[in-house]
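Subject: Structure handover and notes

Dear colleague,

Here is the structure for your files. My notes on it follow below.

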Amino acid sequence: MDLLPAPLAVQYAEGEALPLGPDTTLTAGPGAEAVAGWLRGALGAATGLPLLPGPPGGPGIELALDAALAPEEYRLTVRGGRAEVAGGSAAGVFWGAQTLRQLLGPEALRRAPLRREGWQLPGCTVTDAPRFGWRGALLDVCRHFLPKADVLRFVDLLAAHKLNVLHLHLNDDQGWRIEIRRHPRLTEVGSWRERSMVGFRSADRRDDRPHGGYYTQDDLREIVAYAAERQITVLPEIDLPGHAQAAIAAYPELGNTDVVDTAALGVWTDWGVSPNVLNPSEATLRFFEGVLEEVLELFPSPFVHIGGDECPKDQWKASPYAQARIAELGLRDEDELQSWLIRHFDRWLAERGRRLIGWDEILEGGLAPGAAVSSWRGYEGGIAAAEAGHDVVMCPEQHVYLDHRQSSDDDEPIPVGWVRTLEDVYRFEPVPPQLAGTPAAAHVIGTQANVWTEFMDDARDVDYRVFPRLAAFAEVAWSDLPRDPAARDWAGFEARTATHYRRLDALGVEYRHPDGPRPWQRRPGVAGRPVPEL
């Protein structure tokens, strides 16, 4: 059935198929009730079948916990007139339910039935478990804001690919996207910019169209709850001390007022990195402690991301106040000042039972033992962090930044970054050779694909950049692939994507066609997409 991501093992059994009809039941054991509710809603919508509860052990579909399995491990069995999905926790049951949905075919992923008869599960036994516990995707909602409905849809797409972390990048120079009730100007002022750059490296081109938006706290509670029902943790990121111009535009006293007229600043309208950074005062620390207090109320995730990347030091070098602060704290230079700020929030979060995670620049100056690192500038930061005993999420821009172009084709829209094809992503290996086989490898707790939205102003653009490459990434994160990228079965994966394109069609994903951005100019009839009449 071309399952994706590939399971550990699957065996099909002739003559054991389970037909689904109006009398098919869907029953849940203790701890699996919420998953049954989700599956009933998803399959009921696609098939038109009621899938009502029935007696345990009877014919139909049964979901159950099995303490002998690891938390995200599952076993799916279809035989003897019944289907059983057993998982080590509700998460394992949920991933098994996603596989069950794939076994029914692409039409089972639609929101309304195309037919009400002919549904059946093939006789089989699937045993499966993920390679990594952290299988993430970052969604940048700052450079271009995505409405709540689009975020919820993205959550569903992550869940369909067995990804379990949604990293929301909630503030940057170009916009502030989270309601903070004690600091209302963050959204009153900071959530809107006057205009945006158009294209890549086009500083002289603007669209002169205001852009903005933000999520209320109730919006975020809804997103977190919706994701939790799908076994996804939402990781909030509040980026500091750089990437802060939107916050400074709202509250000028947060900036370096002794060297810049911060009252004249607006939300930044360029891409790249603004020179305007937070000042290192106690008042600024208290301000962001207040921000984080509200963040902790909204997001139960064990980690909180504080960014810490790309912080220009020019204003601190020129600021008499910042220089006096460096002397007062007994620090050597501006780099140590940033490290001091990061360690402050590291301790602050640890005191509240949370763990800090940040981009790999936070390694400069040292970290507390519980802090973790998102290694984005390549493998080097992740290697150094793991060898120092810190947990690492590998997300090197050279491999898994999905805003980067998908081919060298001249037709590729806004061709930024490195060319990273579907095959390139499939051959990405999160654990580099320098760590393989060493105790430090255990600190690579997972991997993440990052979606930066400078050049994606709506969900259609996100679809095109992200898919189908996110499907390849999902297999890297979940499946037990050969550790040598050259030994991976690219031809087999590519063959399975033919079915997966039909699933993406059913889900309404406007993915990049395998024949490129203008497939009708190459060959017709691929992946079920109609060829337009020109």
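A term is needed before the surface notes: patches are made of residues with over 30% relative accessible area and no salt bridge, where like charges are joined within 9 Å and nonpolar side chains (Val, Leu, Ile, Met, Phe, Trp, Tyr) within 5 Å. A salt bridge here is a side-chain nitrogen of Lys or Arg within 4 Å of a carboxyl oxygen of Asp or Glu. Accessible areas come from the Shrake-Rupley method with a 1.4 Å probe, and for residues only the protein chains shown count as cover.

This is a predicted model, in which local features need pLDDT of at least 70 and side-chain atom pairs count only at pLDDT 80 or more, while totals for chains, interfaces and linings use all residues. Residues are numbered from 1 along each chain as its sequence is written, and side-chain values use heavy atoms, with hydrogens and water left out.

Confidence

The average pLDDT (the predictor's confidence in each residue, from 0 to 100) is 94 for the protein, and 96% of the residues score at least 70. Residues 525–534 stay under 50. For that stretch the model has 17 contacts (heavy atoms within 4.5 Å) beyond four places in sequence. Where pLDDT is low, the predicted coordinates should not be read in detail.

Surface patch

Met1, Val10 and Tyr12 make a nonpolar surface patch of about 260 Å². Tyr12 belongs to strand β1, residues 9–12; helices (H or I, at least four residues) and strands (E, at least two) are DSSP runs, numbered from the N terminus. With a relative accessible area of 43%, Tyr12 is partly exposed. On this scale buried means under 20% relative accessible area, exposed over 50%, and partly exposed in between (1.4 Å probe, protein chains only).

The buried residues in α1 are Val35, Ala36, Trp38, Leu39, Ala42, Leu43, Gly44, Ala46 and Thr47. They pack against β3 (26–28), β4 (60–65), α2 (90–103) and β7 (119–121). An α-helix has 3.6 residues a turn, so residues three or four places apart point the same way. Just after α1, Gly48 has a positive phi of about 80 degrees.

Leu114 sits in the loop between α2 and β7 and counts as exposed, at 58% relative accessibility. Leu114 and Thr47 are 67 residues apart along the chain, with 7.5 Å between their C-alpha atoms. Not counting residues up to four places away in sequence, Leu114 touches Ala46 and Glu107.

Val295

Val295 is part of helix α7, residues 282–298, and is buried at 0% relative accessibility. Leaving aside neighbours within four places in sequence, its contacts are Ile178, Pro236 and Ile238. From Val295 to Glu237 the C-alpha distance is 9.3 Å, although 58 residues separate them in sequence.

Helix α11 (residues 380–387) has Gly381, Gly382, Ile383, Ala385 and Ala386 as its buried residues, which pack against β18 (372–375) and β19 (391–394).

Helix α14 (residues 459–466) is mostly covered, with six of its eight residues buried: Ala459, Val462, Asp463, Tyr464, Arg465 and Val466. Their cover includes α3 (148–160), β20 (444–451) and α15 (469–478).

Backbone points to check on screen

- The Phe467 to Pro468 peptide bond is cis, with omega near 10 degrees; Pro468 is in the loop between α14 and α15.
- The Leu240 to Pro241 peptide bond is also cis, with omega near 0 degrees; Pro241 is in the loop between β15 (233–240) and α6 (245–250).
- Asp208 is not a glycine but has a positive phi of about 55 degrees. Asp208 lies in the loop between β13 (192–193) and β14 (211–212) and is exposed, with a relative accessible area of 55%.
- Glu310, another residue other than glycine, has a positive phi near 45 degrees. Glu310 is in the loop between β16 (303–307) and α8 (314–318) and is partly exposed at 32% relative accessibility.

Regards
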